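Here is a short briefing on the structure shown below.

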There are 2 protein chains.
Amino acid sequence: MILLLGASGYIGHAFKEALQVRGEEFRTLSRSQLDYTRFEALYPFLKDHRPSFIVNAAGYTGKPNVDACETAKADTLLGNTLFPQALAHACAMLDIPWGHVSSGCIFVGCQVATENGWVTEKDMTRPEVRALAKTSPAKLRGFDETMTPNFSFRDPPCSFYSGTKALGEEVIRDVGNNYIWRLRIPFDEIDNQRNYLSKILRYAKTYDNLNSLSHRGDFVTACLDMWLDRVPFGTYNVTNPGFVSTGEVLAMIKAILKPSRDFVFWKDDAEFYRQGAVALRSNCIMDTTKLLAAGIRMRPVHAAIESALSNWQPGA
Amino acid sequence: MILLLGASGYIGHAFKEALQVRGEEFRTLSRSQLDYTRFEALYPFLKDHRPSFIVNAAGYTGKPNVDACETAKADTLLGNTLFPQALAHACAMLDIPWGHVSSGCIFVGCQVATENGWVTEKDMTRPEVRALAKTSPAKLRGFDETMTPNFSFRDPPCSFYSGTKALGEEVIRDVGNNYIWRLRIPFDEIDNQRNYLSKILRYAKTYDNLNSLSHRGDFVTACLDMWLDRVPFGTYNVTNPGFVSTGEVLAMIKAILKPSRDFVFWKDDAEFYRQGAVALRSNCIMDTTKLLAAGIRMRPVHAAIESALSNWQPGA
């Protein structure tokens, strides 16, 4: 029996649907049923029920967005760092393999090809970077799983959310057998306040940058495939290969959804952080070589976005 | 065998000396010997060595002071929250009792007697509070162990240090058998940069407020007595009963040490936080009823300060 934690969340819900579709035996557990964030409740439960695998899709992302994590520090730490650590300890003791939904938002920027090799560039709004993205995208590549997070408490500045996610990875890595699945900016065809495409459609102004993204269904399919195919444990960037600019996404939205409204970009970072955001945001490109080499298939990001928009299900 | 963690620190060193004096069988473990903050190292070590009791005097306090914790967020969390949680889990699994050096700095202010009963007053620099402290000290009392920290991530504002200490208590409480020993502003007769009396002697300006304090030797004696006397596990404020104003401490310093220098107070909070500090500081009074009721003896704070100054050992 697979145990799914966080089934009521945006990603957890997709895991639940995917497990149902696959006919896997699973159960969910909510904090109202059992406060599993308390080790003294978690450990006996796992010992009694002995799940074959655990999916931890619980986490604290902040509502309506990560800015909320800057003030809800205790809950952010509990959800993204302390609970994952507790789960790692309990699973290690009971020899239960598990997977943890982490985030690619612990990185900022990308790697840029230079005469001296690949160099990290944190500011992808620079004209040189944007020019490369258009003319020579192969000269930009993402962060791979061997690289140390550069948008974290150990490499500030960062958002409080990102700091807790990076520290969460640090305390569960190599503790028992687990997957660290790095999600990035989820989207799919179903209008939802957590869907990146819905956000772009609704935002008063749009932040223009380059990013790797994760199609929600592709993400959970990849994660479950990893466990069912017994891919080696460890950290994986689970994003759709490639990267897109917000401008490209907007162009696809206009071409496919033909919305009546106009879209405006924030003039620059100064305007965005003065009016649109409190916490620093991560914009980054992820490398998916390890994921693909493990035999996991993911559609390229442009194809996944086009598919989501072509099958768009508007909300109420 | 008692295991002492953090023996090289200011409080850990005093534990080590007290254990030696008492002739207790003990061993220390440093992070250079074994990175015990990693659960996969900690758990097998404890399983092999099976200490009868563990003293966790390891923690991250920041150097030269708590302001450093505002930037070293990962290490502060690791030392004060994540490691205590890991230790709690390992000890619960192995049924090892232990004690954790926590801090009273998760509170700010005191309780003031009013017509409507006891009311929390966070600002003890208010003239009404200072007047009561002088004329009717019984109308002020400290926070007891049933009260919820009010200088924490759950009750901001707080310093990052205090936030991590309060959250550390939260994640270890009721997990196995442990003592949470709350220390507050340690001092003793030995000149040291961590000694409150040394700080007052060295500070360019002094912050005037009311506080409960812990004599370092009295603190470790009380903590060890609790374990050796099998006092019930739980949270205890381990401070010298009562409270003092910085002005009273200064008066004792002048009377006993007769220093040649003059002492100046910060004009007000605005000046202190503009020039003297980054992180908010906790000034508070702790209630020691529970400690004393458990049969642990602690000298009143004025007697402990007078004794320390009378036996003063100046540093190099």
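In this predicted model, 18 residues of chain B are in contact with 19 residues of chain A. The points below take the interface first.

**Interface, chain B side**
- Three elements of chain B each give two or more residues to the side that touches chain A: helix 2 (39-49), helix 3 (73-94) and helix 5 (160-172).
- Helix 3 of chain B gives the most, with nine residues.
- By class, this side of chain B has 10 nonpolar, four polar and four charged residues.

**Symmetry**
- Chain B superposes on chain A by a rotation of 180°, with 0.0 Å of shift along the axis. The RMSD is 0.0 Å.
- That is the relation of a two-fold axis.
- The same surface serves both copies. Of the contact residues of chain B, 100% recur in chain A.

**Fold of chain A**
- Chain A has 11 helices and 13 strands.
- Among its contacts between residues at least 6 apart in sequence, 80% join residues at least 24 apart.
- Buried residues make up 46% of the 316 residues in chain A.

**Dimensions of chain A**
- The C-alpha atoms of chain A fill a box of roughly 55 × 50 × 40 Å along the principal axes.
- The radius of gyration of chain A is 19 Å. A compact globule of 316 residues would have a value near 20 Å, so the two agree.

Conventions: Residues numbered from 1 in each chain as written. Chains lettered and ligands numbered in written order. Predicted model: local features only at pLDDT ≥ 70, side-chain atom pairs only at ≥ 80, totals over all residues. Least-squares fit on C-alpha atoms with pLDDT ≥ 70 in both. Contact = placed C-beta atoms within 7 Å. Helix = DSSP H or I, 4+ residues; strand = E, 2+ residues; numbered from the N terminus. Nonpolar A, V, L, I, M, F, W, Y, C, P; charged D, E, K, R; others polar. Rg over C-alpha atoms; globule rule 2.2 N^0.38 Å. Buried ≥ 20, exposed ≤ 12 C-beta atoms within 10 Å, placed from the backbone.
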